[in-house]
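This note sets out some points for a colleague who is reviewing the model. It takes up the pocket, the disulfide and the aromatic pairs in turn.

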Amino acid sequence: MVERISLQFIALFIGGIFLVLEGCSSSPRFVGGSTPNTSSPPATPEPSVYRSYSYLVTTDNCQCEKYAFTDGHDSLSYVFHASYKMYNGVVTDIEVEIKNDSRDTLFLDHAAAKVFSRNVPYMYNDKSLPLPILLITPGSSNTVHLSGEDRTGENDWHKIAGEQLTVTIQGLRLGDREITPRTITFIPQNPMMEK
């Protein structure tokens with residue numbers, strides 16, 4: 001009889017420990033003795049100033065982060081990519097990789113880039129700026145980097161909504177002839193829309 005009571009007591013004791021452990025593993029953890037607010041979801045943190053966000057190319061309905069274009073007539077290939085940070089205003093970086101598959105040298109000594117932003121007041125917005133003096137020999141490639149900063153210096157995410165960035169590369173010469181300008185349109189990914 002004593003053995004039966006002991007076995008029942010041990011079974012109840014083990015069952016109680018199991019229930020307590022099971023309850024601990026599924027119950028919320030409390031810090032500092034306060035109970036969590038279950039009436040509203042936790043706030044989404046602001047996007048990071050240390051993170052870059054991509055622009056999407058909308059040219060030719062691409063909707064892609066990198067846009068590759070090959071001009072069969074001139075035997076040139078382009079890859080466009082742009083990103084931005086919100087760090088004391090919008091800071092934008094644009095890369096244009098150009099590959100020369102022609103028999104002639106590609107000259108950028110008279111080339112220029114014009115960047116037009118719909119919402120961001122860049123210092124040289126809608127003005128042609130000379131590209132670095134480069135030459136790209138047949139079978140070679142090189143990358144041109146462009147960057148711009150918002151003159152206001154304010155982290156205003158409203159500028160990203162409805163923003164459109166247009167980049168035109170012009171004045172490239174293949175041998176002794178000027179080639180057709182290339183224009184690419186970008187829209188920024190907006191992390192605030194993910195909230």
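Which element gives the largest share of the lining of the largest pocket?

1. The model under review is predicted. In answer to the question above, β9 supplies the largest share of the lining of the largest pocket, with five residues. The elements that contribute two or more residues to this lining are β4 (90–100), β6 (112–117), β7 (128–130) and β9 (141–149).

2. The volume of the largest pocket is about 340 Å³. Its lining consists of 19 residues, and those that lie nearest the centre are Val115, Tyr124, Leu129, Ser147 and Gly148. Sorted by class, the lining of the largest pocket comprises eleven nonpolar, five polar and three charged residues.

3. One disulfide is found when the whole structure is searched. The partners are cysteine 62 and cysteine 64, with their sulfur atoms 1.5 Å apart. The link of cysteine 62 and cysteine 64 is right-handed, with 100 degrees about the S-S bond.

4. Seven aromatic pairs are found in a search of the whole structure. In one of them, the ring centres of tyrosine 53 and tryptophan 157 lie 5.9 Å apart and the planes stand at 85 degrees, so the pair is edge-to-face. This pair links distant parts of the chain, 104 residues apart: tyrosine 53 belongs to strand β1 (residues 53–57), and tryptophan 157 to the loop between β9 and β10 (165–170). Tyrosine 53 is buried because its relative accessible area is 5%, and tryptophan 157 counts as buried at 13% relative accessibility.

5. A further edge-to-face aromatic pair is formed by tyrosine 55 and phenylalanine 186, at 6.1 Å centre to centre and with 75 degrees between the planes. Tyrosine 55 is in strand β1 and phenylalanine 186 in strand β13 (residues 182–188), so the pair ties together parts 131 residues apart in sequence. Both tyrosine 55 and phenylalanine 186 are buried.

6. The residues of these two pairs can also be considered together.

Terms used:
Residues numbered from 1 in each chain as written. Predicted model: local features only at pLDDT ≥ 70, side-chain atom pairs only at ≥ 80, totals over all residues. Heavy atoms only, no water. 1 Å grid on protein atoms, 1.4 Å probe; cavity = no way out; pocket = protein on both sides within 12 Å on 5 of 7 lines; lining within 4 Å. Points joined across faces, edges and corners; volume = space filled by probe spheres on them. Helix = DSSP H or I, 4+ residues; strand = E, 2+ residues; numbered from the N terminus. Nonpolar A, V, L, I, M, F, W, Y, C, P; charged D, E, K, R; others polar. Disulfide = S-S within 2.5 Å. Phe/Tyr/Trp six-rings, centres within 6.5 Å; stacked < 30°, edge-to-face > 60°. Buried < 20%, exposed > 50% of the residue type's maximum accessible area, 1.4 Å probe, protein only.
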